[in-house]
Amino acid sequence: MIKLKKNDKINPNKEVISEAVPYLVIILVVIIIRTFIATPIKVNGPSMETTLYDGNLMILNKLGAKVNGLKRFDIVVVKTNKTYIIKRIIGLPGESVAYIDGKLYINEKVVEDKYALSDMEDFEEVKLAGDEYFVMGDNRKVSQDSRAIGPVKKSQILGKTNIIIYPFNKFGIVKD
């Protein structure tokens with residue numbers, strides 16, 4: 001027990017503040033992590049089947065795209081208007097993308113498209129600007145992607161995602 005002298009005063013505000021500081025630090029760290037590094041994101045719809053399924057909960061890696069850049073076939077989260085979509089990068093800045101006779105062409109050369117769940121309808125060549133990407137869902141028949149919304153700008157790509165955290169039986173890195 002602490003004995004107070006006649007002139008000692010208890011400062012309840014100081015005690016409350018000192019107890020609240022660790023909680024405020026935790027809240028600040030969580031906000032920083034979610035804002036700049038990683039945040040959970042949920043798959044909505046069947047457009048990425050058989051790689052991802054409706055309801056999968058994943059980690060969006062915001063830092064990975066900035067540090068390692070974006071590569072063909074990366075799975076990314078794109079902000080379009082007021083929605084977020086999860087798609088796969090097919091075309092990179094400056095490239096041309098087309099589907100002719102059921103084959104993917106990048107810069108007029110056939111590229112193996114091992115992620116397409118179903119046959120694709122052909123589409124004419126799309127030339128990408130220096131900051132544009134062509135994204136498509138793996139389940140091409142039902143995916144609303146760059147074929148419908150057009151190329152996406154780099155600024156619309158929030159980050160990469162390849163870690164499933166739920167359901168637990170799918171927990172881990174997405175397998176190619």
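These are legends for a set of close-up views of a predicted model.

**View 1. The largest pocket and its lining.**
Start with the open space: the largest pocket comes out at about 340 Å³. Its lining takes in 17 residues, with Thr50, Thr51, Ile164, Val174 and Lys175 nearest the centre. By residue class, that lining splits into eight nonpolar, five polar and four charged. Thr50 shows up again in the view of cis peptide bonds, where Glu49 to Thr50 is one of the entries.

**View 2. A nonpolar patch on the surface.**
Here we look at a patch made of Ile17, Val21, Val25, Leu28, Val29, Ile32, Ile33, Phe36, Ile37, Leu63 and Val67, with about 970 Å² of accessible area together. Two elements each give it two or more residues: helix H1 (12-37) and helix H2 (62-68). H1 has the largest share, with nine residues. Over on H2 sits Val67, and its relative accessible area is 61%, so this side chain belongs to an exposed residue.

**View 3. Glu95 with Arg72.**
Side chains of opposite charge can pair when their charged atoms come close. This pair is a salt bridge with an N to O distance of 2.7 Å between Glu95 and Arg72. Glu95 is in the loop between strand S4 (83-91) and strand S5 (96-100), and Arg72 is in the loop between H2 and strand S3 (75-80), so the contact ties together parts 23 residues apart in sequence. Is Glu95 buried or exposed? Its relative accessible area is 11%, so Glu95 counts as buried. Arg72, at 24%, is partly exposed.

**View 4. Asp113 with Arg140.**
In this salt bridge, the closest N and O atoms of Asp113 and Arg140 are 2.6 Å apart. The two partners belong to distant parts of the chain, 27 residues apart: Asp113 is in the loop between strand S7 (109-111) and strand S8 (123-127), while Arg140 is in the loop between strand S9 (132-136) and helix H3 (146-149). Both Asp113 and Arg140 are buried.

Asp145 and Arg147 make another salt bridge, with closest N and O atoms 2.8 Å apart. Asp145 has 0% relative accessibility, so it is buried, whereas Arg147 is partly exposed at 30%. Elsewhere, salt bridges that share partners join Asp131, Glu132 and Lys153 into one network. How many salt bridges does a search of the whole structure find? The count is seven.

**View 5. Cis peptide bonds.**
The bond from Glu49 to Thr50 is cis, with omega near 10 degrees, and Thr50 lies in the loop between strand S1 (38-42) and strand S2 (57-61). The bond from Tyr166 to Pro167 is cis too, with omega near 5 degrees. Pro167 is found in the loop between strand S11 (157-166) and strand S12 (172-173).

Which phi value does Asp101 have? It is near 55 degrees, positive in a residue that isn't glycine. Asp101 lies in the loop between S5 and strand S6 (103-106), and with a relative accessible area of 67% it is exposed. Glu108, also not a glycine, has a positive phi near 65 degrees. Its place is the loop between S6 and S7, and at 65% relative accessible area Glu108 is exposed.

Notes. Residues are numbered from 1 along each chain as its sequence is written. This is a predicted model: local features need pLDDT of at least 70, side-chain atom pairs count only at pLDDT 80 or more; totals for chains, interfaces and linings use all residues. Side-chain values use heavy atoms; hydrogens and water are left out. On a 1 Å grid over the protein atoms alone, a cavity is a set of points where a 1.4 Å probe fits but cannot get out, and a pocket is an open set with protein on both sides within 12 Å along at least five of seven lines; lining residues have an atom within 4 Å of a point. Grid points are joined across faces, edges and corners, and a volume is the space filled by probe spheres set on the points. Ala, Val, Leu, Ile, Met, Phe, Trp, Tyr, Cys and Pro count as nonpolar, Asp, Glu, Lys and Arg as charged, and the others, Gly among them, as polar. Patches are made of residues with over 30% relative accessible area and no salt bridge: like charges are joined within 9 Å, nonpolar side chains (Val, Leu, Ile, Met, Phe, Trp, Tyr) within 5 Å. Accessible areas come from the Shrake-Rupley method with a 1.4 Å probe; for residues, only the protein chains shown count as cover. A salt bridge is a side-chain nitrogen of Lys or Arg within 4 Å of a carboxyl oxygen of Asp or Glu. Helices (H or I, at least four residues) and strands (E, at least two) are DSSP runs, numbered from the N terminus. Buried means under 20% relative accessible area, exposed over 50%, partly exposed in between (1.4 Å probe, protein chains only).
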